[in-house]
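Here is a short briefing on one protein chain. Please look over the sequence and the model before reading on.

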Amino acid sequence: LLRYEQGRLGEVEETIAALTVSQPGLLLWKAWLALLYCETSQAEKARPIFEELTVGGLAGIPRDLFWLFVMAALGPVATALSDGDRCGLIYEALEPYGGRIVSHGPFTWGPVDLTLGALATTLGSFDRAEAHLAACDDLCLRIDAPLWLVRSRREQARMLERRAGPGDAKRARKLVGGHPGRPGGGSALPGGLTEREAEVLRLVVEGGTNREIAARLQLSEKT
């Protein structure tokens, strides 16, 4: 989870792949491996894992302590693979959990509304996406979770770019650009982002993969 939040999932690929073999009954590892592949521009490797986990719908995913984590991982995978049918199934399964945080013991993985917003965007349900992401923003602000807030703003920008309504492009640029309010008359970036991080975020919104962004900014792909 820490490497995911740091954008460094590629560093644990071998570890997670090994866990899918040593603990085949724990589907969480397979869900995370599929997510890792999507996050590291290896979607072709994610698809067979994703299809295996969701064959026949979601009935094969046990409703155990890890169910919500598995679903929260599969949501971004379905979105990355543009799998509308499975996006719909995952959305329906997760919708009752809106307003909650994916959490078990000391482990947390962000607001459920963040995943619901991304799924709704992929499904073209922009009003629902906007409502979920607004709820996510509110939750992040209330509990002082700037990292999740940045992820929420990124998804809002993607939604606006895809909806392409009047004023949406301007709102999307504002979400990933500067805002007034920094002491001294400068501009504050959302979630306390640095200028470099904001540039990465802008490229993500434009649809760049990790590999493309790394090449453009001369970064390691795992950064």
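Is the crossing in which helix 3 passes helix 4 left-handed or right-handed? Helix 3 passes helix 4 in a left-handed crossing; the term applies if the near helix is turned anticlockwise from the far one by less than a right angle, and right-handed applies if clockwise.

This is a predicted model, in which local features need pLDDT of at least 70, side-chain atom pairs count only at pLDDT 80 or more, and totals for chains, interfaces and linings use all residues. Residues are numbered from 1 along each chain as its sequence is written, and side-chain values use heavy atoms, with hydrogens and water left out.

**Overall make-up**

- The protein chain has twelve helices and four strands. Helices (H or I, at least four residues) and strands (E, at least two) are DSSP runs, numbered from the N terminus.
- Of its 223 residues, 45% count as buried. Buried means under 20% relative accessible area, exposed over 50%, and partly exposed in between, with a 1.4 Å probe and protein chains only.
- Take the contacts in the protein chain between residues at least 6 apart in sequence: 54% of them join residues at least 24 apart. Contact means heavy atoms within 4.5 Å.

**Nonpolar cores**

- The largest nonpolar core has 51 residues. Such a core is a set of buried Ala, Val, Leu, Ile, Met, Phe, Trp, Tyr and Cys residues joined through side-chain atoms within 4.5 Å.
- Trp32, Met71, Leu74, Ile90, Leu94 and Trp109 touch the most other members of the largest core.
- Helix 3 (residues 27-39) gives the most to this core, with eleven residues.
- A second, separate core has seven residues, including Leu114, Leu133, Cys140 and Trp148.

**Helix 3 against helix 4**

- Helix 3 and helix 4 pack at an angle of about 150 degrees, and their axes are 7 Å apart. Axes are lines fitted to C-alpha atoms, for helices over the stretch in contact, and angles run from 0 to 180 degrees between N-to-C directions.
- Helix 3 is therefore roughly antiparallel to helix 4. Angles over 145 degrees count as roughly antiparallel, under 35 as roughly parallel, 65 to 115 as roughly perpendicular and the rest as oblique.
- Helix 3 makes the contact through Leu27, Lys30, Ala31, Leu33, Ala34, Tyr37 and Cys38. Helix 4 uses Ala43, Lys45, Ala46, Ile49, Glu52 and Leu53.
- The residues of this contact divide into ten nonpolar, no polar and three charged. Ala, Val, Leu, Ile, Met, Phe, Trp, Tyr, Cys and Pro count as nonpolar, Asp, Glu, Lys and Arg as charged, and the others, Gly among them, as polar.

**Helix 7 against helix 8**

- Helix 7 (residues 112-122) and helix 8 (residues 126-142) pack at about 160 degrees, with axes 8 Å apart.
- That angle makes helix 7 roughly antiparallel to helix 8.
- The crossing of helix 7 and helix 8 is left-handed.
- On helix 7, the contact residues are Asp113, Leu114, Leu116, Gly117, Ala120 and Thr121. On helix 8, they are Phe126, Arg128, Ala129, His132, Leu133, Ala135 and Cys136.
- The contact of helix 7 with helix 8 comprises eight nonpolar, three polar and two charged residues.

- Helix 7 is mostly covered, with eleven of its eleven residues buried.
- The cover includes helix 5 (67-80), helix 6 (84-94), strand 1 (101-104), strand 2 (107-111), helix 8 and helix 9.
- Thr122 lies in helix 7 and is buried, with a relative accessible area of 14%.
- Apart from neighbours within four places in sequence, Thr122 is in contact with Thr79, Ser82, Cys87 and Arg162.
- Met159 is in helix 9 (residues 146-163). Met159 counts as buried because its relative accessibility is 2%.
- Met159 and Ala118 are 41 residues apart in sequence, but 7.7 Å apart in space, C-alpha to C-alpha.
- Leaving aside neighbours within four places in sequence, Met159 contacts Thr121, Phe126, Ala129 and Glu130.

**Positive phi**

- Most residues other than glycine have a negative phi.
- Ser41 is not a glycine, yet has a positive phi of about 60 degrees. Ser41 sits in the loop between helix 3 and helix 4 (43-53).
- Ala164, also not a glycine, has a positive phi of about 55 degrees. Ala164 is in the loop between helix 9 and helix 10 (168-175) and counts as exposed, at 58% relative accessibility.
- Gly124 follows helix 7 and has a positive phi, near 80 degrees.
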